[in-house]
Amino acid sequence: MSESDEGQLQDYSVDQLAGAVVLVLGAIAGLLQVIWMSKCHCKVNLCYIFRCERRPPTEEEMKTLKNKINEKKQDKILKKEDKILKKEDEILSRTESGQLQPEPEIEKLV
């Protein structure tokens, strides 16, 4: 290498540059994700463009969140039970009206 080549980058193609940029941005995004998903209090300031603060929920907030989750689960269970009951009623009404005939094989067995 001569002295005139010092301080100059080698010739890189556009796809190599794009790959390097993607790797750097992926590493930064991974680090931010780990920080964000942690259970500790953290503040993120990304070059004064994006500011964010995350704090874990207090015990009172956790209790209300658990209550909300339990209410939603109960609502889903009730909705499923209502759907099942409606289907059963529909089947019973069809069999009583004669629209739905039982299969002959079942009648032979009984």
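Reader: Where is Phe 50 found?
Author: Phe 50 is found in strand S2. Strands are DSSP runs of E, at least two residues, and helices are runs of H or I, at least four, numbered from the N terminus. This is a predicted model: local features need pLDDT of at least 70, side-chain atom pairs need 80 or more, and totals for chains, interfaces and linings use all residues. Residues are numbered from 1 along each chain as its sequence is written, and side-chain values use heavy atoms, without hydrogens and water.

Reader: Is Phe 50 buried, exposed or partly exposed?
Author: Phe 50 counts as partly exposed, at 46% relative accessibility. Buried is under 20% relative accessible area, exposed is over 50%, and partly exposed lies in between (1.4 Å probe, protein chains only).

Reader: And Arg 54, buried or exposed?
Author: Arg 54 is buried, at 17%. Arg 54 also belongs to strand S2, residues 50-54.

Reader: What does Arg 54 touch?
Author: Leaving out residues up to four places away in sequence, Arg 54 touches Trp 36, Ser 38, Lys 39, Cys 40, His 41 and Cys 42. Contact means heavy atoms within 4.5 Å.

Reader: New topic. What's the element order?
Author: From the N terminus, α-β-β-α-α. That's 3 helices and 2 strands.

Reader: How much of the protein counts as buried?
Author: 3% of its 110 residues.
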